[in-house]
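Me: I have a structure open and would like to learn how to read its features one by one. Could you walk me through it?

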Amino acid sequence: MSTPRVVHTAAELRSAAAGALAAAGTAPAGARTPSLGLVPTMGALHEGHRALADAARAGNDVVVASIFINPLQFNDPEDLRRYPRTLEADLDLLGAAGVDLVFAPSEAEVYPGGAPLVRVHSGELGTRYEGASRPGHFDGVLTVVAKLLHWAQPPVPARFRAYFGQKDAQQLALIRRMAADLNFAAEIVGVPVVRAQDGLAESSRNVFLDPAHRQAATVLPRALFALRDRVSAGLPPDLAAAAALVEAEPLVQLDYFDVVDPLTLQPLPAGDGPLEKPGLALIAARVGQVRLIDNLTLVPPAAAVR
């Protein structure tokens, strides 16, 4: 395991990435276009982040991870204050994954004039589901991701990929739309959800769950798996029954539970028949004082054999 180089300014990031890419482009492996993979994070890393870093390492010559707790993403100042800060452990995880560079900027580096007056607007897609519960959240996400994509864009001819977890499905959809609509050069790569042995999706917020609430939280993946099994068998999703399973858990307060189009996140028709095309089940709930989200792809038999 090697320790990744840590840089703190955008200028240092550009210089270090350019040097690493130049070395990769002249390596004996061949005269080919080198590639850079970016893994944006807010720290407090877990196995889900490790999967992002592993995917970036497998597909690129140079891997950069960012660690920045973005204040624009937090509606509640107390939530921002409580967010785990574990830089040394994060560097160990990234080093074990073979990350080359870690960009760990200060808030003043990212927002030198304070909170930006102009931000990337997430549009109508950013007002539903997570956006309804956290107004302005996705504007904050897209604003900082836009900055990171600009700063990490290779200054030499190179392929550029950025890796995001499928667990944050709405975030991933919005970042893909931003990259396409605003002509970013980065290829946006989604990495599947990583789950613990009890089925719970890996999340930095899981550390706030005590044993009783941790056990209660497993009703979220169980409800998702129940939907998946029905759809895989060619049966109607029966969203109401799956939601009732969650609502029967006294420590869990359901926020939303829906089946949507994976690309647009528009709700799929809630008829009595089976799904005609793949869907994405989205769920969010508060478990005690901790808000958790999860999702699962639903593939009907006809779509699975295509």
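**Reading the features**

Reply: Gladly, and let's begin with burial: Asp261 has a relative accessible area of 12%, so Asp261 counts as buried. Please keep in mind that this is a predicted model.

Me: Which side chain meets that of Asp261 in a salt bridge?

Reply: The general idea is that side chains of opposite charge can pair when their charged atoms come close. Here the partner of Asp261 is Lys277, at 2.9 Å from N to O. Both Asp261 and Lys277 sit in the loop between strand 7 and strand 8, 16 residues apart. Lys277 has a relative accessibility of 39%, so Lys277 is partly exposed.

Me: How many salt bridges does the structure hold?

Reply: There are 16. One of them joins Glu130 and Arg291, again with an N to O value, here 2.5 Å. This pair ties together distant parts of the chain, with Glu130 in helix 6 (residues 130–133) and Arg291 in strand 9, 161 residues apart. Glu130 and Arg291 are both buried.

Me: Which residues are linked with Arg291 in a network of salt bridges?

Reply: The network is made of Glu130, Arg134, Asp255 and Arg291. Within it, the side chains of Asp255 and Arg291 meet at 2.5 Å, N to O. As for accessibility, Asp255 is partly exposed because its relative accessible area is 37%, while Arg291, at 16%, counts as buried because the cut-off is under 20%.

Me: In what order do the strands of the open sheet come?

Reply: To read a sheet, follow the order of its strands, then the direction of pairing. The order here is 7-8-9, three strands with antiparallel pairing. Strand 7 (252–260) and strand 9 (290–298) are the edges, each pairing on one side only. From one strand to the next, the twist averages 15 degrees.

Me: How many bridges join strand 8 to strand 9?

Reply: Nine bridges connect strand 8 (residues 279–287) with strand 9. To find your place across this pairing, look for Ala284, which stands opposite Ile293 in strand 9. Then look for helix 11 (residues 239–247), which lies across strand 7 and strand 8 and runs at about 160 degrees to strand 7.

Me: Where does UniProt place the feature "active site"?

Reply: The unreviewed UniProt entry puts it at His49. To read such a position, ask about its element, its accessibility and its contacts. His49 is in helix 2 (residues 47–59), and with 13% relative accessibility it counts as buried. Beyond residues up to four places away in sequence, His49 touches Thr41, Gly43, Ala44 and Ser204.

Me: What does His213 contact, leaving aside neighbours within four places in sequence?

Reply: His213 is in contact with Leu251, Val287 and Gly288. His213 lies in helix 9 (residues 211–217) and, at 18% relative accessibility, counts as buried.

Methods:
Residues are numbered from 1 along each chain as its sequence is written. This is a predicted model: local features need pLDDT of at least 70, side-chain atom pairs count only at pLDDT 80 or more; totals for chains, interfaces and linings use all residues. Side-chain values use heavy atoms; hydrogens and water are left out. UniProt positions are given in the numbering used here, feature names are shortened, and annotations may be inferred rather than shown by experiment. Helices (H or I, at least four residues) and strands (E, at least two) are DSSP runs, numbered from the N terminus. Buried means under 20% relative accessible area, exposed over 50%, partly exposed in between (1.4 Å probe, protein chains only). Contact means heavy atoms within 4.5 Å. Two strands pair if DSSP finds at least two bridges between them. Axes are lines fitted to C-alpha atoms, for helices over the stretch in contact, and angles run from 0 to 180 degrees between N-to-C directions. A salt bridge is a side-chain nitrogen of Lys or Arg within 4 Å of a carboxyl oxygen of Asp or Glu.
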